[in-house]
Amino acid sequence: MYQEYLHHLDEIEGRLKPLEAAIHLEATESERTPVIQALQTLKGVAEVIATSLVAEVGEFRRFRNPKQLMAYAGLVPSEYSSGVSRKQGRITESGNSHLRRVPRRGSMVLPIQTRY
């Protein structure tokens with residue numbers, strides 16, 4: 001049974017290598033390379049995460065301010081208001097769900113990298 005698991009892992013790694021090579025090519029030799037490299041300067045943002053962010057957002061300049069980018073990602077609080085009272089609740093999660101998940105992957109890896 002152990003050998004079967006190892007065989008499955010080898011198959012998965014074999015499928016991942018071409019994908020990782022394509023991501024590396026996009027990150028190093030495309031017109032988006034400067035943006036990808038700039039994102040990689042942030043702690044916890046490696047090549048795959050930076051490339052994913054650029055692929056999901058496209059052109060960052062289309063957002064006039066960070067609020068618009070956060071709204072696009074669905075990372076703005078919901079609001080309950082009536083008359084003069086106003087309460088903010090959970091994030092709306094009404095935007096791009098993949099864009100919301102990408103930074104979480106980096107945050108999961110960050111504690112592991114900083115421990116060693």
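Q: What does the accessible surface of the chain come to, and what share belongs to carbon and sulfur atoms?
A: Accessible areas come from the Shrake-Rupley method with a 1.4 Å probe; for residues, only the protein chains shown count as cover. Here the total is about 9,100 Å², with 58% belonging to carbon and sulfur atoms. This is a predicted model: local features need pLDDT of at least 70, side-chain atom pairs count only at pLDDT 80 or more, and totals for chains, interfaces and linings use all residues. Residues are numbered from 1 along each chain as its sequence is written, and side-chain values use heavy atoms, leaving out hydrogens and water.

Q: In what order do the elements of the chain run?
A: Helices (H or I, at least four residues) and strands (E, at least two) are DSSP runs, numbered from the N terminus. The order from that end is α-α-α-α-β-β-α, giving five helices and two strands.

Q: In which sense do strands E1 and E2 pair?
A: Two strands pair if DSSP finds at least two bridges between them. E1 (residues 77–82) and E2 (residues 85–91) are antiparallel, with five bridges. Glu 79 lies opposite Gln 88 of E2. Two residues separate the strands in this hairpin, where Gly 83 has a positive phi near 65°.

Q: Is Leu 16 buried, partly exposed or exposed?
A: Buried means under 20% relative accessible area, exposed over 50%, and partly exposed in between (1.4 Å probe, protein chains only). Leu 16, located in helix H1 (residues 2–29), has 39% and is therefore partly exposed. Of the chain's 116 residues, 20% count as buried.
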